[in-house]
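Hi,

Here is the structure I promised to pass on. Have a look at it first, and my notes on its aromatic rings follow below.

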Amino acid sequence: MIYFISQQPRIHFIQDEMHLSLYDTIEPYDYIESLSHIDIEELIIDNQVNNKELGEYMIYYRYHQYTFSLKVYIDDIVSPEFETIDQVILRNETLDPRDLVTQIQDESATTVYFKEDYIFNEIKTYEVHIIVEDSYNNITEKIAYVKVEESDTSPPTLSDIDKLTLLLGDKIDLKEGVTIQDDHDDHPTYTIDDSSLNLKKIGEYTIYYHVVDKYGNEETYSREIEILSPYDNREATKDGKKTCYLTFDDGPSSNTKEILDILDEYNIKATFFVTGTAPDYFSYIKEAYNRGHVIGLHSYTHDYEYIYTSVKNYLSDLNKIKEVVYEQTGIYTKYIRFPGGSSNLVSKKYNVGIMSVLTKKVIDLGYQYYDWTSINGDGEGIKTVDGLIDKALEEIDGKEDIMFLMHDSGTQDNTVKALPDILDELIERGYEFKTIDDTSPTFHHSVQN
């Protein structure tokens, strides 16, 4: 009798299945304990494991016509991270453990629960144990403190009711931005008494916000509102918050698309004061508007000699660019910026006193004009990227609210290159970005002509 010994290839793995952690390096050869009748140099490995995502995967080891497989699990073996929040409640109130945690970080879904049952029936501060557990049974335990009081005697608090400066005819939502909070009531309410406010009359007014919680605690807060002449400057609110109104003049151009893409990367919206000097790029007006930016009017010709020779010429030019914007966006915008700003000295060459007339005339026609507080110098002859960045940082230094001017013309390639560094610095310094709207500060310059 003749016996044949099997020469069939075999792979013996160190485990029947592998369990690895997120981001572990995948080493298919290391999972092999031994080989039988296999030349390792001819072994082909098909690694289908994604070590950046939890789940079940396969590694295939192919040798000639044979295929061997190893199942690999990418598991979460890291315990959740989180912070605790101490709370104040009333006696015998129930408390959701989720109200005691914040900033949970984990690669999988988490649940939050108390280590034991707590009955908050005594007037004291309880030390409670909070557990956050993820889908892979990793657990983190921390301590939080719950102060129990007999009754609620504190009224709700109201914030963001700083003084408002409006211009005659402005519209305002007196609830916008107002924040109400209460220690024990998730839904406190307030009413507004604005019976003394007359938005159609210049003067100083006081309105009142009356807050109340479900326990009957109440308080009244006052807010000052000043109504100025429509020709006055609408001042920025001095509320300690840094705000940047990012604006671009002279577009659209060959640079507009790249500027829009950069702003998208930062999730920042800007205001574009456009011209009619580059009709081939008018479609970017529509694109900017559709991406959530605000469109303002700069001029159609941007020809100082023409537009500042007479009021008629200026308004004719303004109407022309207004129609271009309407064709692209479907809106008639009322935000404008004078070429050279309201303080320009060039207009004096063509018509002495015309700026004093135009600054009032446009407002009579329902427009509002906006100057600026800060520049990057691209309209002042600065051409290098480093120079533009340095000028921008110099201009914003120490200012709470800024209207920042840059240019979006086809010759300003370095403005595009400098833009990310300037935005990074503005963000680092704590600025919030806003677009121009009906209540924005106007930052009017002093008229020099």
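Phe338 is buried, as its relative accessible area is 1% (buried means under 20%, exposed over 50%, partly exposed in between, with a 1.4 Å probe and protein chains only). Tyr369 counts as buried too, at 4% relative accessibility. Keep in mind that this is a predicted model, where local features need pLDDT of at least 70 and side-chain atom pairs count only at pLDDT 80 or more, while totals for chains, interfaces and linings use all residues. Residues are numbered from 1 along each chain as its sequence is written, and side-chain values use heavy atoms, leaving out hydrogens and water.

Now the pairs. Searching the whole structure gives 14 aromatic pairs (rings of Phe, Tyr and Trp, the last by its six-membered ring, with centres within 6.5 Å; planes under 30 degrees apart are stacked, over 60 edge-to-face, the rest tilted). Phe248 and Phe272 are stacked, because their ring centres are 5.2 Å apart and their planes at 15°. Phe248 belongs to strand 19 (residues 243-251) and Phe272 to strand 20 (residues 271-275), so the pair ties together parts 24 residues apart in sequence (strands are DSSP runs of E, at least two residues, and helices runs of H or I, at least four, numbered from the N terminus). Both Phe248 and Phe272 are buried.

Phe338 and Tyr369 make a tilted pair, since their planes are at 55° with ring centres 5.2 Å apart. Along with Tyr304, Tyr308 and Tyr314, they form one aromatic cluster.

Cheers
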